[in-house]
Structures are given as C-alpha cells and as structure tokens.
Amino acid sequence: MVIGQDAPGAEPARPGDEQARLRGAGELDVIELTGLRGWGHHGVLEQEKQIGQEFVVDVALGLSTGPAGRTDALSRTVNYAEIAQLVQREITTGAHDLIETLAERIASGALQAHPLLRRVQVTVHKPSAPVGIPFEDVRVRITRHASPVEAVLALGTNLGDRPQHLQRALTVLESTDGLEIAWTGPVLETDPVGGPAQDAYLNSAIGVHTVLGPFELLAAAQSAERHARRERREHWGPRTLDVDVITYGPMRLEDPELTLPHPRAHERAFVLAPWHAARPKAELPGHGPIGDLLAAAADRDGLRPGPAVEGFDRP
C-alpha cells in the first residue's frame, strides 16, 4: 500500500569528500542583508568592552528561493527580518574578544534557526578598531554550510512490474545531486489501505542524507515517480510508483504541497515496518518511537514478506 500525500505539483560523522560532494549539488539562490548596524562590546582591549563601538554586519543567505517565488509563500523561504533580529542580538549581547567569534555565532544561529537555509556567509566589519594608524575597515568574512539532513522516504507500487519500479526509483534517487542513500528497508507486500479496490502493493522505506531543501527533496521524489510514468488520476488509487517524503530531520511543516512529518505515517504499518526493520530505534517527530507506532498500527496484519529487490534491505 502507498501512503499517498498527493501534491498539486554540527556535521554528522561522515568523510569530508562525501560532504563536499553533497554540498556541490546545484547552485543556491542568495538573499543579501547588508549594513546591519549595532553597538557592541567586542574586542581584546578593556576599553572596547567598557565603552563599546559600532559593528556592521553583512549576511548572504544561500537557499532555493524557487518554491517561494512560484507560490508567493513566506513559509517557503527564510524571513530575513528574523535574520536581522538575530544579528542585532548577537552584536549587542555578550562581549567577545574576537570578531571571528561574533561571525561564528551569527552563522551558527542562522543555520540552526532556519532549516531551509543551506549556506550562510557572514561579514563582520569593525570600522573603529583600535589599529593605531589610519585605515578604512577591518572585516572578517566566513562561509558556513548546513549539515546534511537525514530524511526518510516511503515507496510503494501496485501496477506493472512492481520490483522493477522500486529498483528504478532507487537508481533515480541515487543519481540525484545532493542526495545519498544511507539505508534501505526490506520490501514488503501489503494489502491496500483506503481508496478503491485494487491489487496488493510492494512497499519499502529508505533513508537519505541530503543537502537539498525539503521542497527540492519532494521534487526529487516526484521525478522518480515520473520515471515510472506515474499519473495522478485517483486519490489513493492504484499507481506504478508513489514516493513520499516522510521526515526531513526534525522539521515540522504544514504546506499545501508538503506536510512534515507525513500526516499519516504514524498509523501506517507499511511505512513503519520497513523503516523499523532498518532503524529499529528511530523515532517519528512528534509521535515517538516507530516500534511503538508499528505495534499499534491497524494495518500491521496486512504485511507479508515481499520479493528480494536489488538495492533494498541494506540497513
């Protein structure tokens, strides 16, 4: 069975070269905030901490603005007013010896507060630094990247060559820039849940590490569906392939095209069982351990082992 979310349309311990490959996926759009000013007490000299001076900060936010641009929805981008407030707080609170520290705190705070943000560049200017000779400016510029996100996808098919649809979906996802398969669950055969009368499904779940934003990950899932010639004709109806985004890290999101975590994942054994087989200690954000959810799922008796499909059942 498929779960069917139909749509209208600090780093983990990973080798550095793999992180670089993930980060090299595509070009990010940039939102720039320049000339953010505040009075701070940062500096090595005691008088700098006592009297203070003006600091100026520029911030360049790297993310995909396409989802927001196509829908005019603020929820699909980073609210730069919130970033400005974060910068102001960091300038005016605390007293760091180094502007390098101030820059790091701004970058870290921005990335932690905004999961859609994939890269941030911060420039801290200290135009009144006690250098002792005439100068125009002192500035530190740093660039920091968001950690790859762990996400879970659910796959299901009940039309045509079902094993082939699953295998091709895995191949398409593996070839997606900015996405790496971390684990795959076993393939299960499942009775349909909801919708019209239809044949049994093959279902599985996979985990990925990705630097894609949630809407770009959804687009990658839909690309795999299109490769299987998926057509959205009937809600919860039979299909060649369904690929749903179940989780995107701990992110909570309610959007017309994407709800995170998936709104029905907590009650669907055909999602929970293959996920649990690969990651028995995993939790579904907002719902708790998936083992407990699986034990309570009403459709758990409709599961049975499916065929061996290359690439699956690799925890």
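Which helix is largely enclosed by the rest of the structure, and why?

1. The enclosed helix is α8 (residues 269-278), and it is described in this way because eight of its 10 residues are buried, where buried means under 20% relative accessible area, exposed means over 50%, and partly exposed lies in between, with a 1.4 Å probe and protein chains only. The buried residues of α8 are Ala269, Phe270, Val271, Leu272, Ala273, Pro274, Trp275 and Ala278. Helices (H or I, at least four residues) and strands (E, at least two) are DSSP runs, numbered from the N terminus.

2. A word on the basis of these remarks. This is a predicted model, in which local features need pLDDT of at least 70 and side-chain atom pairs count only at pLDDT 80 or more, while totals for chains, interfaces and linings use all residues. Residues are numbered from 1 along each chain as its sequence is written, and side-chain values use heavy atoms, with hydrogens and water left out.

3. The count of salt bridges comes to 11, a salt bridge being a side-chain nitrogen of Lys or Arg within 4 Å of a carboxyl oxygen of Asp or Glu. One of them joins Glu90 to Arg105, with the closest N and O atoms 2.8 Å apart. Because Glu90 lies in helix α4 (residues 80-92) and Arg105 in helix α5 (residues 99-113), this pair ties together parts that are 15 residues apart in sequence. Glu90 is buried at 13% relative accessibility, whereas Arg105 is partly exposed at 40%.

4. Another salt bridge is formed by Asp191 and Arg304, whose closest N and O atoms are 3.0 Å apart. Asp191 lies in the loop between β7 (188-190) and β8 (201-210) and Arg304 in strand β14 (residues 303-305), so the pair ties together parts that are 113 residues apart in sequence. Asp191 is partly exposed, with a relative accessible area of 36%, and Arg304 also counts as partly exposed, at 30%. These two residues belong to a network of salt bridges that links Arg162, Glu189, Asp191 and Arg304.

5. Asp137 and Arg139 form a salt bridge as well, with the closest N and O atoms 3.3 Å apart, and Asp137 is partly exposed at 25% relative accessibility.

6. Leu45 sits in the loop between β1 (29-40) and α2 (46-51) and is partly exposed, at 41% relative accessibility.
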